Amino acid sequence: MNGAESLIRTLLASGVDTCFANPGTSEMHFVAALDKVEGMRCILGMAETVVTGCADGYARMAGKPAVTLMHCGPGLGNGIANIHNARRANAPMVNIVGDHATYHRPFDAPLTADTEGLARAVSHWVRTGNSSTRVGADGAAAVQAALTPPGQIATLILPADTAWNEGGEVAAPMPVPARPAVAPETLSAIARALRSGEPAMLVLSGQALSEAGLAAAQRVAHASGAKLRAPTQIPRMARGRGRPPVDRIPYVVDSALKVLAGTRHVIVVGAKPPTAFFAYPGKPSLTSPADAVTHVLARPEQDAVAALEWLADELGAPKRVPLPDTGNRLELVRGPFEPEAFAKTLAGLLPENCIVVEDAVTSGRALFAPTFDAAPHDWLQITGGAIGHGFPCASGAALASPGRKVVCLQADGAGMYTLQSLWTQAREKLDVVNVVFANRIYKILHGELLAVGAQPGRVSNELFDLARPTLDWIKLADGMGVEATRVETLEGFADAFKAASGRRGPFLIEFRIA
Ligand SMILES: Cc1ncc(C[n+]2csc(CCOP(=O)(O)OP(=O)(O)O)c2C)c(N)n1
Ligand SMILES: [Mg+2]
């Protein structure tokens, strides 16, 4: 058995059975071995950032890593933006990056690059294989690293000769460490802070946004009066009817400051202390009040659900508590696109148990509160600010979740980074309704220009404008085998969305925004 075959057999033995790939010459033996070994589902992405975005969406839904296959330093480099998003989501990922044979490297052939350097920039774990007899063991260690809580990026660089040489040995799966428990002293100190009656807010992310985590957090809120919030970017959250209506901390700094104003105890649970997305002249970086105390109930790798449940019991909360009334009424709104009106319309349309993937930038700002009472669903979001995440993340989520409808909410400028994902959706017949917010502009950047204190001018207008020429999303989708339609009103959207939800396979709705 050669090294490549031993690596694939090892990955399968460790539970990794899905491979998102964009291969080249140095991966040919890996590809040939994929033909020989049964059981690995292989999906082609026509750009590495599609490959890595798919792997992110897959991991967030499957709770286990996919393996990516990329070509040398430049291929990995292309994939980095969405590895970055996955890293910020604590999504487990195993990257295999093929590279020059060990003995070929000194000759500095054209694709020679600092592959390890690129990998280190975005990975928690990096190893370069050096022998076909060891790559099986390297693969098992990579899966172990990826699955180590809260989920990590593991990159194994595979020189071509370690793949093609004989002597490969299949390695057994390696044990995965459990989530460490939160120390009792931490729990008691936070219980004391919550009992003080001073204004408190729990900021929830990671495991705390699961159904069990949210239910326990709601009990804590019920017993203590603490408020609940999610960070501005969430990796995955259980939402909809019957789940606690927890809103995000807003993106705009002044709005975030208002939400946190008056809070005395900020208690982070699997989350980071609330931080502005960017620095703006004269505005703070941290958005909690200067005199607030920040408590860490659980770090991302710790068992946040157990910690919240302990806290709820300690505070004497009943096992089941009523959910606050959101005041929402499900209503179909008519007229042109407007973020809140769109959200109200979407709330009544989301299919039961669907997965929403959001990279909607300015069109997505108001989506959360109006959709609290939608049918139960999971919501995944771009976590690292590297736009172009929606289409591929939705594709990977669909692959991981057969039988569940995926709704991809995608801003147009961001969508252009990874529109090749539509081709993968068509080829794999993925059940995704893609909604593109076609405002034909980098709208957010107009606001950011003013927010940093700069003035708009001819060049900024030119650089933020996408209307010359106008992107035709129907043709773009059609060219990649995905049916599409265009709508210009909320009622038109509702009709198109209902029709798209009632069929299977990928579909795209271009929402032309005036
Ligand atoms: C990888 C990456 N490149 C560039 C940016 C900078 N950037 C942030 S938002 C944005 C434009 C977003 O425009 P669009 O997706 O159309 O959303 P809209 O603002 O119109 O809602 C750009 C270029 C980024 N965040 N990430
Ligand atoms: Mg736009």
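Me: What radius of gyration does the protein chain have?
Reply: In this predicted model local features need pLDDT of at least 70, side-chain atom pairs count only at pLDDT 80 or more, and totals for chains, interfaces and linings use all residues. The radius is taken over C-alpha atoms, and the globule rule is 2.2 Å times the number of residues to the power 0.38. Because a compact globule of 514 residues would have a value near 24 Å, the chain agrees with it at 24 Å.

Me: What percentage of the 514 residues is buried?
Reply: Buried means under 20% relative accessible area (1.4 Å probe, protein chains only). Within the protein chain, the buried residues make up 54%.

Me: Which protein donors hold the magnesium ion (ligand 2)?
Reply: Residues are numbered from 1 along each chain as its sequence is written, ligands are numbered from 1 in the order in which they are written, and side-chain values use heavy atoms, with hydrogens and water left out. Donors are N, O and S atoms within 2.8 Å of the metal (3.2 Å for Na, K and Ca); water is not among the atoms, so sites may look incomplete. Lying 2.1 to 2.2 Å from the ion, the protein donors are Asp412 (OD), Asn439 (OD1) and Ile441 (O).

Me: What spacing do these donors follow along the chain?
Reply: The donors of the magnesium ion (ligand 2) follow D-x26-N-x1-I. Asp412 lies in helix α14 and Asn439 in the loop between β16 and α16, so this pair, linking distant parts of the chain, is separated by 27 residues.

Me: Is Asp412 buried or exposed?
Reply: The relative accessibility of Asp412 is 3%, and therefore Asp412 counts as buried.

Definitions and conventions
Buried < 20%, exposed > 50% of the residue type's maximum accessible area, 1.4 Å probe, protein only. Helix = DSSP H or I, 4+ residues; strand = E, 2+ residues; numbered from the N terminus.
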